[in-house]
Amino acid sequence: MLLLALDTATPAVTVALHDGTDVIASSSQVDARRHGELLLPAVDRLLDEAGLGLDAVTGIVVGVGPGPYTGLRVGLMTADTFGLVLGVPVHGLCTLDGLAYACDVQGPFVVATDARRKEVYWARYADPRTRLSDPAVDRPADLADEVAALPAVGAGALLYPDTFRHAHGPEHVSAAALAGLAAEKLAAGEELSAPRPLYLRRPDAQVPKNYKVVTPK
């Protein structure tokens, strides 16, 4: 097994290689505006470091968000393209699950990432492996007190300390964590989700309300 994992749902452009037992190479660069520029060079660099060709990859793992439309689609389209060219399966994993898997909080906790517009993407977890709620997007102040009182992981929690009073790292997801979680699930015979994006809300770009369609005479 050689899994190529990647995620562009947060400001981190993160890539990793996993041989089914351990991570053999990983890279993360935080730059919310350069997902498209940084992703493919990072993949090439990791394969070079590992002394492997792209044809050695047996499966792709991609973070499906939730995340902003523009960044998220870079990773998903890249993963789909690799899967098509190589003829290997493409597995989707919730980005929040990767953050949960990487944290060292053992009891119930919340994972929250920055959704912009003064909102967070979030979900509740029983432990690093078990999600209790579907991902959602909300203003931090609108979350129930019982949720806000829990330990919280991620950039969204760190951004709003008045709501998340017990914030922890990691700040952004790592592809190494996604790959480790995927390898563990696959070894246990669990099915992973399809690589379909979790946008949770409409994209910022909208057709103007007074837009007039011009038809040829």
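The following questions and answers look at the strands and helices of a predicted model.

Visitor: What should I know about the model before we start?
Guide: Residues are numbered from 1 along each chain as its sequence is written, and side-chain values use heavy atoms, with hydrogens and water left out. Local features need pLDDT of at least 70 and side-chain atom pairs count only at pLDDT 80 or more, whereas totals for chains, interfaces and linings use all residues, since this is a predicted model.

Visitor: What is the bridge partner of Ala-12 in β3?
Guide: Strand β2 (residues 12-18) and β3 run antiparallel and are joined by 7 bridges. Within β3, the partner of Ala-12 is Val-30.

Visitor: Is His-91 buried or exposed?
Guide: His-91 lies in strand β5 (residues 90-93), and, leaving aside residues up to four places away in sequence, His-91 touches Ile-60, Val-61, Val-62, Leu-186, Leu-192 and Ser-193, where contact means heavy atoms within 4.5 Å. Buried means under 20% relative accessible area, exposed over 50% and partly exposed in between, with a 1.4 Å probe and protein chains only. Because its relative accessibility is 14%, His-91 counts as buried.

Visitor: How are α3 and α6 placed to each other?
Guide: The axes of α3 (residues 95-102) and α6 (residues 175-187) come within 8 Å and cross at roughly 90 degrees; such axes are lines fitted to C-alpha atoms, for helices over the stretch in contact, and angles run from 0 to 180 degrees between N-to-C directions. Angles under 35 degrees count as roughly parallel, over 145 as roughly antiparallel, 65 to 115 as roughly perpendicular and the rest as oblique. Therefore α3 and α6 are roughly perpendicular.

Visitor: How many residues of α3 are buried?
Guide: The buried residues of α3 are Thr-95, Leu-96, Asp-97, Gly-98, Leu-99 and Ala-100. The helix α3 is largely enclosed by the rest of the structure, because its buried residues number 6 of the 8.

Note on methods
Helix = DSSP H or I, 4+ residues; strand = E, 2+ residues; numbered from the N terminus. Pairing = 2+ DSSP bridges.
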